[in-house]
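I opened a notebook to keep track of what I looked up. The entries follow the order in which I went through the chains.

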Protein chains: 2
Amino acid sequence: MTAITMVSDLALDPRTGEVVAAMPVSTPQHLAETVAAAVLATTAVGSVSPAARAGWLEGLANAVAGAVDTLVPTADRETGLGTARLTAEVARCANQLRFYAAVCREGSWLGATIDHATSDTPDLRRVAVPLGPVAVFGASNFPFGFGTLGNDTGSALAAGCPVIVKGHPAHPLTHAALADLAASTLAELGAPAGTFGAVTGLDNGRALVLDDAISAVAFTGSQAAGLSLWSLAQSRPRVIPVFAEMGTVNPVVVTPAAVAQPDALATLAKGSVQSFTLGMGQFCTKPGLLLVPAGAGVAPAVAAELEAASPRGPLLTAGMARSYAEGVRTLQLSGATLVGAVAEPGAGWGVCATVLTAPAARLVPGSPLLAECFGPAILVVEYADDAELTAILDRLQGALVGCVMTAGADDPDAPAVVTSLARFVGRVAVDAWPTGVATTWAQQHGGPWPSTTVPAATSVGAAALARFTRPVAFQNTPPTALPPALADANPWRLPRRVDGRFVPVPGRPGKKRAP
Amino acid sequence: MTAITMVSDLALDPRTGEVVAAMPVSTPQHLAETVAAAVLATTAVGSVSPAARAGWLEGLANAVAGAVDTLVPTADRETGLGTARLTAEVARCANQLRFYAAVCREGSWLGATIDHATSDTPDLRRVAVPLGPVAVFGASNFPFGFGTLGNDTGSALAAGCPVIVKGHPAHPLTHAALADLAASTLAELGAPAGTFGAVTGLDNGRALVLDDAISAVAFTGSQAAGLSLWSLAQSRPRVIPVFAEMGTVNPVVVTPAAVAQPDALATLAKGSVQSFTLGMGQFCTKPGLLLVPAGAGVAPAVAAELEAASPRGPLLTAGMARSYAEGVRTLQLSGATLVGAVAEPGAGWGVCATVLTAPAARLVPGSPLLAECFGPAILVVEYADDAELTAILDRLQGALVGCVMTAGADDPDAPAVVTSLARFVGRVAVDAWPTGVATTWAQQHGGPWPSTTVPAATSVGAAALARFTRPVAFQNTPPTALPPALADANPWRLPRRVDGRFVPVPGRPGKKRAP
């Protein structure tokens, strides 16, 4: 953290380093007005029906999708992520917003529960209530999917919380475009002023986290920045939750049977290179550690594939390019050996994608070999047998995702590896690379500490809404004073638990489906 | 926190201050063995079926209920809480254990969710997995309900976590009796060794929180002790959640219409005295602040009722009795005036129950008038009008529970007060005093910071289990490697969400009930 106040976020072209635009950061007055507007909107945003908020989210989805032709060139110019990837990401962003709208409308996330009075117990009714204004710190690496209108913003709005986004300095023009789009769309749809706000500037971000009006923080990004915000929030008189999902070393285990398959080396090499160099390795789910049977020759095959494919592109910022180069050097100083690399970094903030290897014995707690190197690098480590593999897995830190590549459903090693991975990751993927996180009901993106500050939470999937609520029980409360979610008439048509029994809603999916 | 190692927990008679027994605190070796046994039991406890764990909990319930004749005299001797109250609390403890057994068996808490693959998304299946060994710090004031085998232990075992209880020094004999009962009962039922463990000693408690093998902490007690454990857990390399539910000033609002009812003063006086002196005020849900319409004469009526009823009894420890006396003095030094008190404190660690009053203007943030005074004291504050009431409520800290006394279902002020209270409490009770927390599906015991370190969590009710789990998603995972909760055949007969739709289980309550 620096005490220097930035006066502008510079939009820079990662392919050249040139200044595209200088965007002045928010003034203290803008920050204060934005927070005040969110506070004023809190009751209205939290008390309209889920269906009304779902309508706002669908409006945002349509607006984002409709603006693809201007959003993509803007984002490409300041991120260098490429038109194809960014076009797909805009669609993903719109689909996510629609998904959170559907989850919001379905209403299970409210956890509405009614226990009628018995001879021993009073009438008790419980429902999730929104926490209030949420500060969202979007990711550098996904300007749309995890950015200004990404998963955190979508799920917080769905849960009934006003959102203030602190724009990421790696793409200030995209942030401004999305923020303008959101504000005008929500205004057109009749959402209260203050439902969505946006600020920029590092100091304003810190001020948001410390502002008593803010009730929760959502963050996607590096461990250093995430833990810094987390510490800041712990220093408040009223401590608030910080949901930080951070980059980790996501391990991929290859079983002995998998490398014995026909074409195994080529398949593994191709798949791993595609995954760890996707978006130039700028994914929090990037496979950072490939654990392979000893003597199978995986590392040279991956290196050869990398050199043949030679993926090139700039990282998002000069700082990230520098950190990546330092990270690769640190891996080497910690016992890793270079096996292969792309020869030329490409223009601007381009870096050389790299394959390294290290002996299993060097993977000891505290070693940089077990820390994330953000960018297109992978460490390949051979294990001699089951015992060594288990010993390595037991030493790994909590991670977002872990994978196992098998010889198919009957691979005898798959169950044990899945079980081992599940102990320290949020998502286990079988015969799939870790990059790519679907937004569905069953998704879980958060993993054990230190990958996530609240390991039971997820920023992706239907459960993302729960982060921004807390339950309140109403005891012996007359109909006039009950919130709609708990009223006997069930005006919001919510699935509810009544006297311990789940009660689906007529005409809703819960009832349609036979067991 | 002290650096002095206690060699014994002294069981003391609160009615006389005499030593009943000296119980040596756990040795470092016992602590190490207890943690090691919990670690060894983790996989087995977490992977048996919910029905199997429910059987253990029912066995514990039967054992506790069956031992009432020895448990009550033991607890009464060292707590002075009285035979009637303690007998009821043993029954409550057994009923809670049966409730957590039923919730465990029903299985909704696992949140089993299956999304089959689509053209865009992979097969994803999500289920809650137990965190691992949980350290439980039971309450001083509820040796059974929130003690060694109380809500925290019951819900953590139900969720599949081994439990290590740190016995409270206010009732070491009761702790030892319950710990022995639990160990022998669980062994008879075939639960793994290490499913339940017990340690004593302040230093051992701190060591537990810092032990890398411990995955979560549950605490019921004072804010000072709870926040101290919370800070300790934040200092670990792997930070773990601390679910501390702590004493707060629980406000009770009396509406103008309520005091205008026939016999209102007598009813309010009787109800408030019963509630704030119940268990000599040693409840985390004790009403600490009574907000009444100006000029209605509530404070003198409460004082008269208190002096007439003259409830007497010792507090649990000499330290609590001293803190209570200091607390009442602090309230007076902060602007409160004594209105009435029980004249004689009674024997041993008896204290004088007290009614105080203070002008609304003195209830300013940071004032001791807004801090808990543990024990039988209540502060009565008059409000002039709606605006002043709202201003007072806006200044209150997060609390476990808030109440409103009304003139019935049509009281025009009830909805607004309920809404105001719901902003900063975990439970709102109408025409009911705050003491008494039913263990049901809809209960919520945790409230906003600083009453609870994780305000979205509850230590009482069906949702208590969720604290000790985190979700894991399994992507594209073959049947051989899936946990039973996510297998297509649904061997545990769980209610699940499949492709976004809730699927109840044949023969289970979810299906029986028509909407």
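I began with strand pairing: two strands pair if DSSP finds at least two bridges between them. Strands (E, at least two residues) and helices (H or I, at least four) are DSSP runs, numbered from the N terminus.

**Conventions.** I noted that this is a predicted model, in which local features need pLDDT of at least 70, side-chain atom pairs count only at pLDDT 80 or more, and totals for chains, interfaces and linings use all residues. Residues are numbered from 1 along each chain as its sequence is written, while chains are lettered from A and ligands numbered from 1 in the order in which they are written.

**Entry 1, strand β10 of chain B.** I looked up the partners of β10(B). Three bridges join β10(B) to strand β15 (residues 399–405) of chain B, and the two run parallel. There, B:V254 has B:M405 as its bridge partner. With β11(B), β10(B) pairs over four bridges, in the parallel sense; B:P251 has its bridge partner in B:L289.

I then checked burial (buried: 20 or more other C-beta atoms within 10 Å of the residue's own; exposed: 12 or fewer; partly exposed: in between; C-beta atoms are placed from the backbone). Five of the five residues of β10 (residues 250–254) of chain B are buried. B:N250, B:V252 and B:V254 point one way, and B:P251 and B:V253 point the other way.

**Entry 2, B:G288.** I found B:G288 in strand β11 (residues 287–293) of chain B. It has 25 C-beta neighbours inside 10 Å and therefore counts as buried. For contacts I used C-beta atoms, placed from the backbone, within 7 Å. Not counting residues up to four places away in sequence, B:G288 touches B:V249, B:N250, B:E372, B:C373, B:I378 and B:L379.

I counted 15 helices and 19 strands in chain A. Its radius of gyration, taken over C-alpha atoms, is 24 Å. The globule rule (2.2 Å times the number of residues to the power 0.38) also gives 24 Å for 515 residues, so chain A is as compact as a globular protein of that length. Of these residues, 61% count as buried.

**Entry 4, a sheet in chain A.** I traced an open sheet of five strands in the order β7-β6-β5-β8-β9 of chain A, with parallel pairing. β7 (196–199) and β9 (242–246) of chain A stand at the edges with a single partner strand each, so one side of each has no neighbour in the sheet. Inside the sheet, β5 (residues 134–137) and β8 (residues 216–221) of chain A pair over four bridges, and A:V136 stands opposite A:A218.

I took a nonpolar core as a set of buried Ala, Val, Leu, Ile, Met, Phe, Trp, Tyr and Cys residues joined through C-beta atoms within 7 Å. The largest has 346 residues, and A:V217 and B:V217 have the most contacts inside it.

Which residues does the contact take from each chain? I found 62 residues from chain B and 62 residues from chain A. β17(B) gives the largest share of the chain B side, seven residues. Across the contact, three bridges join strand β17 (residues 469–475) of chain A to β16(B), in parallel. A:Q475 has B:A429 as its bridge partner.
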